[in-house]
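Let's take a friendly walk through this fold, one region at a time. Keep the structure open beside you as you read.

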Amino acid sequence: MAIASTPELESDRQQLIELIKDEAVFHGDFTLSSGKKATYYVDMRKLTLDHRAAPAIGRIMSDLISDLDGIVAVGGLTLGADPIANSVMHATAATDHPLDAFVVRKEPKDHGRGRQIEGAEVAGKRVVVLEDTSTTGQSALKAVEALRKVGAEIAAVAVIVDRKTGAQAAIEAEGLQWRAAIDLDDLGLAPQ
């Protein structure tokens, strides 16, 4: 279980946990992007794109990665990571260590510059891959693969909600640090 570094940030985190419980956890029969079946679904896009939660998400995720040296940008696989990266960018804009954002397309563009990574230049730079929730870690690993192809150094993968279903092990198996702001214990949910 993560704890934020200041009482104010921990208050943000507790408020976000309550918002997730109240508005982003849906019960029923779901198929996750991994193909796994689940009896609940944590729909973080409902909150990463919500004016009440996005500023806190930016502060919480910035705090979660604040001890990593040399980070210049954050982002991940579109669409889930995009609003988180923007929240972190805005949360850090007025600090001593502002971070830029990037977007990793699922496939390179077939027109224009043919880029797969948009936004901040990441070649030769230290970055953090973000994700809203993670089941197997495959979305984050797809972003990692694209980033490594262009010469980025991935310092860590950071998620808002860890579903505790193997993503951490998959990320760590690639030699990467794993960070999670909130886990299932925080939400009162059992792994499945």
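Which helices and strands do the buried residues of H3 pack against? The model you are looking at is predicted, and in it these residues pack against helix H1 (7–24), helix H2 (45–48), H4, E6, E7 and E8.

## A helix in the interior

Helix H3 covers residues 54–64. Nine of its eleven residues are buried, so H3 is largely enclosed by the rest of the structure. The buried set consists of Ala 54, Ala 56, Ile 57, Gly 58, Ile 60, Met 61, Ser 62, Asp 63 and Leu 64.

## Where H3 meets H4

H3 and H4 pack at an angle of about 75°, and their axes are 7 Å apart. That makes H3 roughly perpendicular to H4. On the H3 side, the contact is formed by Ala 54, Ile 57, Gly 58, Arg 59, Met 61 and Ser 62. Facing them from H4 are Ile 84, Ser 87, Val 88, Ala 91 and Thr 92. Sorted by class, this contact has six nonpolar, four polar and one charged residues.

## The sheet and its helices

Now turn to the open sheet of six strands, whose order is E5-E4-E3-E6-E7-E8, with mixed pairing. Its edge strands are E5 (117–119) and E8 (177–183), each pairing on one side only. Neighbouring strands are turned by 25° against each other on average, direction ignored.

Helix H4 (residues 82–92) lies across E3 (71–77), E4, E6 (126–134) and E7 (153–162), running at about 170° to E4. Helix H5 (residues 138–149) also packs on the sheet, where it touches E3, E4, E5, E6 and E7. The direction of H5 makes about 160° with that of E6.

## Two nonpolar cores

In soluble globular proteins, nonpolar side chains tend to be buried together. Here, the largest nonpolar core has 38 residues. Those touching the most other members are Leu 16, Ile 20, Met 61, Val 128, Leu 130, Ile 160 and Ile 182. A second, separate core of 24 residues includes Val 127, Ala 140, Ile 154 and Ile 171.

What does Val 128 contact, leaving aside its neighbours within four places in sequence? Its partners are Ile 65, Leu 68, Ile 71, Ala 73, Val 74, Gly 75, Phe 102, Ala 155, Ala 156 and Ala 158.

Notes: Residues numbered from 1 in each chain as written. Predicted model: local features only at pLDDT ≥ 70, side-chain atom pairs only at ≥ 80, totals over all residues. Heavy atoms only, no water. Core = buried A, V, L, I, M, F, W, Y, C linked by side-chain atoms within 4.5 Å. Buried < 20%, exposed > 50% of the residue type's maximum accessible area, 1.4 Å probe, protein only. Contact = heavy atoms within 4.5 Å. Pairing = 2+ DSSP bridges. Helix = DSSP H or I, 4+ residues; strand = E, 2+ residues; numbered from the N terminus. Axes fitted to C-alpha atoms, helices over the stretch in contact; angles between N-to-C directions. Parallel < 35°, antiparallel > 145°, perpendicular 65-115°, else oblique. Nonpolar A, V, L, I, M, F, W, Y, C, P; charged D, E, K, R; others polar.
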